[in-house]
Amino acid sequence: GCGPSGCAFIEEVRASMGPPGNWTRPDSWPGQQLPRSIELEVVVPPFYHIVYNNFTAIGAVGDLKIFGKLSMSEDEGLKLLVKSIQVFSGGVMQVGTSFAPHRTSAIISFWGVAFDSQPAYISTDTDWGRKVFGVYEGNVSLHGKSLEST
């Protein structure tokens, strides 16, 4: 359950992750290979913790499949442009937490058009549709700073 120090299931996942590594560093990825712009599929593998840190160096990507952990850096004006985000069992997408909200602006945008011929797939026979943010037994935490009312 959740207590003052967080949720137990998040702690279990965190304990099994490797150290965080920036998206733009080859040594953060398996095989030391950086994802390229408009790559059809980008996979964050189990036990990897990737910190998304720079849109201009990366550009838009296709389907982002998270089996490990993806978080966003606190850089101001950060933008993630994807065709789909899919968070699978054991995977975590974290942009701040309830105890430590993300302090800067960050934008997650989905590209593509309604008649796109390449939908997001979980497997070869399951069409999720277009511009998908899907969570399949994974965990998502999206917490930003509170807006001040005027």
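Reader: Before we start, what is a polar contact?
Author: A polar contact is a pair of N or O atoms within 3.5 Å; within protein, one atom must be able to donate a hydrogen and the other to accept it. Please note that this model is predicted.

Reader: Which side chain does Ser84 join through a polar contact of 2.7 Å?
Author: The side chain of Asp63 is joined to that of Ser84 by this contact. A further polar contact, of 3.0 Å, links the side chains of Ser84 and Gln86.

Reader: And where does Ser84 sit?
Author: Ser84 belongs to strand E8, which covers residues 78-88.

Reader: Is Ser84 buried or exposed, and why?
Author: Ser84 counts as buried because its relative accessibility is 0%, and the cut-off for buried is under 20%.

Reader: New topic: what is the strand order in the open sheet of five strands?
Author: The order is E3-E5-E7-E9-E14, and the pairing is parallel. Strand E3 (20-22) and strand E14 (139-142) are the edge strands, each pairing on one side only. From one strand to the next, the twist averages 20°.

Reader: How many bridges join E5 to E7?
Author: Four bridges connect strand E5 (residues 49-52) with strand E7 (residues 69-72), and the two run parallel. His49 is the residue opposite Lys69 in E7.

Reader: What about E4, which residues are on its covered face?
Author: Val42 and Val44 form the covered face of strand E4 (residues 41-44), while Glu41 and Val43 form the uncovered one.

Reader: Which residue in E6 is the bridge partner of Val42?
Author: The partner of Val42 is Leu64. Strands E4 and E6 (residues 61-66) run parallel and are joined by four bridges.

Conventions: Residues numbered from 1 in each chain as written. Predicted model: local features only at pLDDT ≥ 70, side-chain atom pairs only at ≥ 80, totals over all residues. Heavy atoms only, no water. Pairing = 2+ DSSP bridges. Axes fitted to C-alpha atoms, helices over the stretch in contact; angles between N-to-C directions. Buried < 20%, exposed > 50% of the residue type's maximum accessible area, 1.4 Å probe, protein only.
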